[in-house]
Number of protein chains: 2
Amino acid sequence: MSAFKDEELSKLCVDTVRILSADCVEKANSGHPGAPMGCAPIAHVLFAETMNYAPASPKWFNRDRFVLSNGHACALLYSMLHLTGYDVTLDDLKLFRQLHSKTPGHPENMVTPGVEVSTGPLGQGLSNAVGMALAERHLAAVYNKPDGFESLIDHYTYVICGDGCLQEGITSEACSLAGHWGLGKLIVCYDDNEITIDGNTNLSFTENVSMRYESYGWHVQTVLDVNNLSSLSKAIEAAKAEQGRPSLIKIRTIIGFGSSKEGTGGVHGAPLGASDLSAVKKKFGFDPLQSFNIPSSVSEFYHSCGQRGAANCAQWDHLFSSYQAKYPKEGSELVRRIAGILPDGWIDNLPENPASGGKVAATRNYSGAVLNAVANHCPELVGGSADLSGSNCTFLDISPKSFQKDTPDSRYIHFGVREHAMTAICNGMFAHGAIRPFCATFLNFIGYALGAVRVSALSEMGIIFIMTHDSIGLGEDGPTHQPIEMLDTLRCMPNLLLIRPADLSETKGAYVVAMQHAHTPTVISLSRQNTAFIQGSSYEKVALGGYVIKDWKRPEVLEASVPTLVIASTGTELTLAVQTAQLLSDGGSHWIRVVSLPCTQLFDRQSLEYRLSVFPEGSPVMSIEASGTFGWSRYAHAPFGIKDNTFGLSAPGGTLYEHFGFTVPNLVVKAREVIEFYDGKVVHSLMNKPCLV
Amino acid sequence: MSAFKDEELSKLCVDTVRILSADCVEKANSGHPGAPMGCAPIAHVLFAETMNYAPASPKWFNRDRFVLSNGHACALLYSMLHLTGYDVTLDDLKLFRQLHSKTPGHPENMVTPGVEVSTGPLGQGLSNAVGMALAERHLAAVYNKPDGFESLIDHYTYVICGDGCLQEGITSEACSLAGHWGLGKLIVCYDDNEITIDGNTNLSFTENVSMRYESYGWHVQTVLDVNNLSSLSKAIEAAKAEQGRPSLIKIRTIIGFGSSKEGTGGVHGAPLGASDLSAVKKKFGFDPLQSFNIPSSVSEFYHSCGQRGAANCAQWDHLFSSYQAKYPKEGSELVRRIAGILPDGWIDNLPENPASGGKVAATRNYSGAVLNAVANHCPELVGGSADLSGSNCTFLDISPKSFQKDTPDSRYIHFGVREHAMTAICNGMFAHGAIRPFCATFLNFIGYALGAVRVSALSEMGIIFIMTHDSIGLGEDGPTHQPIEMLDTLRCMPNLLLIRPADLSETKGAYVVAMQHAHTPTVISLSRQNTAFIQGSSYEKVALGGYVIKDWKRPEVLEASVPTLVIASTGTELTLAVQTAQLLSDGGSHWIRVVSLPCTQLFDRQSLEYRLSVFPEGSPVMSIEASGTFGWSRYAHAPFGIKDNTFGLSAPGGTLYEHFGFTVPNLVVKAREVIEFYDGKVVHSLMNKPCLV
């Protein structure tokens, strides 16, 4: 509570934040002044009174986390970061929304110190915060000790969000879970300004939000006037005191407070304009001719707040040193986890292929075995499934109980049927640190979560997506469940790896790649149906994205310099490719090569020399994948897959493979067509083309 | 209430439905017996007592709509359809989940008479139902008349859904809106069986569902035992009586009722097995040795229910004839709308290009003008935006008010920030009939709705998606808002058209294509920033997907047989392609062709001859699009776009175009690189390849 008793100073602080935020938007001639001006008092109370943070150590592990879920209000956040002493200068504020600045148009965790997660797509931030609070609860349960280290990990997660975040279904999912888990240290300040872009909330949002959050098991309070700082402050204190339930504080605000357009949508997403901004400054007693003006008393006050956190941070460092001394195993493990370094030997006990003649299984089963082997070594692996644990093979033997109110040390999470929130919660756990999250559903239903998957990729979060039932091979559940375009959808997303392993070796390779890419999400695409063991498949070569499985080359064609045909394939179809190659080469004078391409994105990163060694000049390439052929034109002259504009069907998986032509006899016919088509023609490798970008 | 007073018969009916459903699953050796066995009493009351339907006229326009939102329970629905007399035979039931049967693994509206919407992806069906109830309310307001035609359009929409549907965020969004709109004729029966796939709902779903629905403004009731048919029946009657609020009836059921595994997840998704199924049959007094056995009393009873509906249907047809006589304009309009035929002259008043020198605008602005022109002629065009009406330019001048409780005849919908439900509600309106729905958000946020977009495509629903802010050109909002992979994500989806028009002419073409594709959803991708008018752009040729804009060919190269370089482009980059071609051809002896490719999916459907006339043998193709290059390998030897694995940035749009190389000088350099690379090489048109599928 401290120095903040001076009401006049508080008001000056709040008004400074309002004007500073509006100045950012005005200078950029772009942005959102309304929410910052309305919410400034909330940010003020949080940064001045409530939160524990150290601007010079923005990654201090026990800091309170702050998420601005209504990311468009980021001028507010940047203002607070600047004022409290983060490495965000006044010049940075003046570069708001400019190229390569520290102050982009929506907050980005990988750009700005003090920004925990990228927000802007509404609902993501609040859902991330649920993951952060989960992470805190879990890590506290695992690492805190009763002998003076009860609070080694002990922090709150604060959120500001607006109507938009609360309308999005993702937050309904996430907040239902937060209530179920009783995440008492999650505190959400709801900017209840009664305005959305289209107009008053009475156009589309008249539900009783407070009652809804009570139905989730949350602790709900109302603050009738955001400018009444002491009531706001009291409500936040009460929220902190409530440890068993997450808190929602519904705070009535006025969007664009101070502007002539306050309380209207007109002040949401455009600069105030010179005259209105001048008027605001006059109204709040500021010099209307000055911009980016910070009264020295305000500057000093916020600086002192940041300094207070520095002292707390130092104290915690001391506590952690003692902890490391007393609990060296746990201490060094936590240090390692925070640094994101994998433990020694984590890779040593991956399952081996059974002896020849061993029983084959589906790649989802192999995934389950590998996941468990990795999880045994890596306590940071925490995750679960969207109510498909058995089907996804994601249960963790090492954590037979699931994460619940009474078992927070457990590492397995039942997310319920909530794919979007599951992903965003994983993003939040990752952003918290010391956790490598994994999550699972049927591959096709990652479409429900795409908004959050994109944030994983953009925000450089190494989430592991275990996505089973990855083709028509899943059978009877039919077209609503059968991915056709999903592999391509994931292959075209920046900073994401889609790996579709063919057998146990490649499944191991997929996990190794995923674990080693701490800042890239990896989707592992796995089958429901059994696969064969592929001779020549390689666990290490998955990291290359693609590699030659085998050349079928009869002695009489030894003089040929390149294969007659290269067949590229992935996952469960690789075995068909191999059988097709065998048959083709047996019958004639062909040199047939089979290439496994489990991860096109990794393959694209290899040298041209390597890629040409796989797909050489002069050889036509045919691809085989039980999926749409859209993206295969990057590699194959003749893609074989599901015909354009065609969805799957409901029938037994084997029947569907036949129906769609995924049989060796049909593939042999198709391969012959390709060979004939290119016979005598000049064939350029598709690897060899001008690289313009 | 009728004959259904016979309790014994009712019980026999319900048990027959349970066993018949379990028989389907058993015969298929695949499927979900648990929910049908648990919910059979609900289906029985709805089909026997409550609902107004005519099996011989499954498309009767004033029928009550029924949605099985927990689509995996479809054996239940198929059983009811068979028993009541729809064109689903006992043989069809025996082909449950088999190739090309009428009884696929999840319900599909385009396959089975009596199935209103495709369900399976959880939450979609209930959200569709909100759209159906909206459609009913709207059409009733538009067409009903006070002189005996108060009930021309007057039906209920019934839903059965499970825990999964209620966990999904999409239903939170949709049900909040249903409450806001006061859709009193929507009645949802919640199969509260306390079981999800992972186990008891106490693992992940302990919120107070009833309170949540009350917070949305719903009328909520509880039925403590589904097998108490009279209390179930009473609750449904009470729900019908409540006209001002949608109704949720929380009904306690036992999953797999009758099975030895009843009440457990074990009975959810696998056949009961012969011995358990026999035991069930014995328990219910059926011959354990017989399958697909329907007692004649049951058969007769359900048949009579279906017949009752036939009489109602005939009566309605009579009413509608009178209506058409008295209100010929409205009558014929409604007939036309139900048939999905566009009105005469709908295309006549599309906006014309301004005279030379006229002001250019963004394609989103053109879209607004075209949408309004079409909407003026087509009253079936009903839709809105996910709280971005101004940014998306979707306001309808003809409907200045929005659809609300008191203005149900209005055609503009404020969906709030709810992209996923918006899409599913549009699917529901389309499924209802007589409405062509449109919806809008920023292109990148269609990712939030992908689960429902896929249902639009699979279920052949011609939704029009107006997606603005379609590239880095949107500027300062930054990478969270800038699509990079979204164009490809939409281009690879089966039965969907992605059209990215370059100017007003192509925007008109986009709408014409969209309106004419009644059974294919169309996404129109539109710019925030201004575009130029393109000489040679064509409104009609958008239907070809791609076409030649112009050949820049100096006299001295007239002897060349094909262009030196073809530049393909779309949308806002087409003008850059044109300027690049001009510069290149001015400087040398090149023949440069510019191709506009607004819709790759339509282009792919053209004859090889046509496609080769656009992209001829011998000419290298360079593409220019401010997006990822993933899919361009289908058309271009050298794609120019956003580099792989790169997201956008926050900066003014013009700055970003420069930063990412979308400037004429840079494109000229790149084009020269392409020309040099292919100089003297054999170049095959990418159109010309073996077609394997």
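In the predicted model, helix α2 of chain B (residues 34-50) packs against helix α3 of chain B (residues 74-84), with axes that come within 9 Å. The two axes cross at roughly 35°. The crossing of α2(B) past α3(B) is right-handed. On the α2(B) side, the contact is made by Ala35(B), Pro36(B), Cys39(B), Ala40(B), Ala43(B) and Phe47(B). Their partners in α3(B) are Ala75(B), Leu76(B), Met80(B) and Thr84(B).

The relation between the two chains was examined next. Two copies of a chain are related by a rotation about an axis and a shift along it.

The interface between the chains involves 102 residues from chain A and 103 residues from chain B. On the chain A side, helix α7 (residues 169-181) gives the most, with eight residues. The side of chain A that touches chain B comprises 37 nonpolar, 43 polar and 22 charged residues. Of the interface residues of chain A, 100% are also interface residues in chain B, so the copies meet through the same surface.

Note on methods
Residues numbered from 1 in each chain as written. Chains lettered and ligands numbered in written order. Predicted model: local features only at pLDDT ≥ 70, side-chain atom pairs only at ≥ 80, totals over all residues. Contact = placed C-beta atoms within 7 Å. Axes fitted to C-alpha atoms, helices over the stretch in contact; angles between N-to-C directions. Helix = DSSP H or I, 4+ residues; strand = E, 2+ residues; numbered from the N terminus. Left-handed = near helix turned anticlockwise from the far one by under 90°. Nonpolar A, V, L, I, M, F, W, Y, C, P; charged D, E, K, R; others polar.
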